[in-house]
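Reader: I have a chain open on the screen and would like to learn how to read it. Could we go through it feature by feature?

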Amino acid sequence: MHRRRWRPLALLRKVLTFAICAIALVALLSFHLHTFSSSIVPNFPDPYKLPTQHEFKHQRFSTVRSWTRELTPPHLSKAPLSSRQLAGARGTLELYKLWKSPPNRDFVPCVKPTANYATPIESRGYLLVHTNGGLNQMRAGICDMVAVARIINATLVIPELDKRSFWQDSSNFSDVFDEDHFINALANDVRVVKKLPKELAAATRAVKHFRSWSGMDYYRDEIASMWEDFQVIRAAKSDSRLANNNLPPDIQKLRCRACYEALRFSPQIEALGKLLVNRMRSYGRYIALHLRYEKDMLAFSGCTHGLSPAEAYELRMIRENTAYWKIKDIDSGEQRSKGYCPLTPKEVGIFLSALGYPSNTPIYIAAGEIYGGDSHMADLRSRYPILKSKEKLASVEELEPFMDHASQLAALDYIVSVESDVFIPSYSGNMARAVEGHRRFLGHRKTISPDRKTLVRLFDKIERGTLKEGRNLSNRTIEAHRRRQGSPRKRKGPISGTKGMDRFRSEEAFYVNPLPDCLCQRESPNMNTSHIIR
């Protein structure tokens, strides 16, 4: 009777034991199938392939214990990365490279005067300066005139900005720059005053077109000798009046102090500029694209690729009716084939895609009004929809004080461009060169300079159907720009064989690359000081 009572209980125990074993076996098989199966592996490069079943056979005996241990700790219980996850890891690495600045090789600003540099003595007269060109051409000219004032021992009167150029901007110096800061920052270098003394307001002035790219001898001899007859000298133009190279170290350092320390934008421009930077940062890392596809640029350069006959005619009329633009008859096709034309918005889109920037990349358009408006921006916007500009980031009320003042609006673009993660100019004009130089000075921030001559050949092949967008185009584009990303190098001298003014014209401009004059290699504990580049 007692045995009959326990027999069903024993049977139940056997059934439960069998069920538990069956469940454990199914779970074990399920784990192996989920984790290790599939001999089909996506076609990734070798470093990113997962092992196949065949490869697991000779690994199994040596790894059984380790796999069993991994079932317990949570951080070790996860299966190996899937092929898609590995591809994602590779994509993350490639994305990191897209934004990473080139190694700066420990170059840092070194603009302090040498031990022999003296504070300015009593000046011999006053230097008036009429700047010319757009914002960045005027900036460079102002900084050069600071150095010239030092060389000829003059008191510099706050320069007059160009009001007669293509842009017809009525801005005064204090509208664009911080006048008081400029005066105070240069107090140990040059005496700067806001205006001529009353007693000299009606004095006879020597109006002089300073010779382009001139050195110390020209200013010390020819210009400084004018103090014997005049108390006021007026520089009729300011652009490219000082040599790029072969000047004393203290003069070169003074140019950098003037450009990167003294010549600060006005408080209202600085405030809105920083606000625009913060608003761009809210979208993530961003590219500042200096899209030089404006009416004045296209008219001046004669570049009409991709434009309608009516648009090309309009630009030609502007060029012919602008008296101070000397060259009137321009072959657009020849200009473009030589790389002398700005990239079109469509070409910029192809370029960025070939470099690998994803479609969700935020892009700040640093430019005035794009010629043709939305009709010419459609291709770029279809690839990169997060296109922003000062007009889109700021309200009408915030921009209102700066409207109809091209130099002030350009200053906002300058600030956002200098502070960007990557700066890309579609054309190597004054803005592009100024921003590139400033970014070099601040630590060689990433600046990609398009090789327009090479790119035009690739774009033409795409148009003819002999090349398609994809890996081949990407590889060729990346390779062509591997050494065009703003890494440290010395400023380029004149092209071999050039003579006269062409020799100076072929040099890399001082403010494009202030190395070696204003950047020194930081001394490291393991570095022999005799090898430090000064």
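Reader: Let me begin with two helices. At what angle do H4 and H17 pack?

Author: Two packed helices are described by the angle between their axes and by the distance between those axes. In this predicted model, helix H4 (residues 135-151) and helix H17 (residues 406-418) pack at about 85°, and their axes are 9 Å apart. Angles of 65 to 115 degrees count as roughly perpendicular, so that is the term for H4 and H17.

Reader: Which residues of H4 and H17 make the contact?

Author: On the H4 side they are Leu135, Asn136, Met138 and Arg139. H17 contributes Ser407, Ala410, Ala411 and Tyr414.

Reader: Now the sheets. In what order do the strands of the sheet with 5 strands come, and is the pairing parallel or antiparallel?

Author: Strands of a sheet pair through backbone hydrogen bonds, in either a parallel or an antiparallel way. Here the 5 strands make an open sheet ordered E4-E3-E2-E6-E5, and the pairing is parallel. Strand E4 (192-193) and strand E5 (205-208) are the edge strands, each pairing on one side only.

Reader: How many bridges join E5 and E6?

Author: E5 pairs with strand E6 (residues 232-235) over 4 bridges, in the parallel sense. As one example, Val207 has Arg234 in E6 as its bridge partner. Helix H4 packs on this sheet and touches strand E2 (126-129), E3 and E6. The direction of H4 makes about 160° with that of E2.

Reader: And what is the order of the open sheet of 4 strands?

Author: That order is E9-E8-E7-E10, again with parallel pairing. Strand E9 (387-388) and strand E10 (422-425) stand at the edges; each has a single partner strand, so one side of each lacks a neighbour in the sheet. Helix H17 packs on this sheet, where it touches E7, E8 and E10. The direction of H17 makes about 155° with that of E8.

Reader: How many bridges join E7 to E10?

Author: There are 4 bridges between these two strands, which run parallel. Ile287 has Val422 in E10 as its bridge partner, and Leu289 has Ile424.

Reader: Are the residues on the two faces of E7 and E10 buried or exposed?

Author: A residue counts as buried when its relative accessible area is under 20%. In E7, Ile287 and Leu289 point one way, Ala288 and His290 point the other way, and all are buried. E10 is likewise covered on both faces: Val422 and Ile424 lie on one side, Phe423 and Pro425 on the other, and all are buried.

Reader: Let me try loops. Where does Thr344 lie, and why does Thr344 count as buried?

Author: Thr344 is in the loop between helix H12 (332-337) and helix H13 (345-355). Its relative accessibility is 11%, so Thr344 counts as buried. Apart from residues up to four places away in sequence, Thr344 touches Tyr293 and His305.

Reader: How does Asn172 count, and where is its place?

Author: Asn172 sits in the loop between strand E3 (155-157) and helix H5 (173-176).

Reader: Which residues is Asn172 in contact with, leaving aside its neighbours within four places in sequence?

Author: Those residues are Leu161 and Lys163. The side chains of Asn172 and Lys163 are joined by a polar contact of 3.1 Å. Ile158 is 14 residues from Asn172 along the chain, and their C-alpha atoms are separated by 9.9 Å.

Reader: Finally, the whole chain. How many helices and strands does the chain have, and what share of its residues counts as buried?

Author: The chain has 21 helices and 11 strands. It has 534 residues, of which 45% count as buried. Of the contacts between residues at least 6 apart in sequence, 77% join residues at least 24 apart.

Key: Residues are numbered from 1 along each chain as its sequence is written. This is a predicted model: local features need pLDDT of at least 70, side-chain atom pairs count only at pLDDT 80 or more; totals for chains, interfaces and linings use all residues. Side-chain values use heavy atoms; hydrogens and water are left out. Buried means under 20% relative accessible area, exposed over 50%, partly exposed in between (1.4 Å probe, protein chains only). Contact means heavy atoms within 4.5 Å. A polar contact is a pair of N or O atoms within 3.5 Å; within protein, one must be able to donate a hydrogen and the other to accept it, and residues adjacent in sequence count only if both atoms are side-chain atoms. Two strands pair if DSSP finds at least two bridges between them. Axes are lines fitted to C-alpha atoms, for helices over the stretch in contact, and angles run from 0 to 180 degrees between N-to-C directions. Angles under 35 degrees count as roughly parallel, over 145 as roughly antiparallel, 65 to 115 as roughly perpendicular and the rest as oblique.
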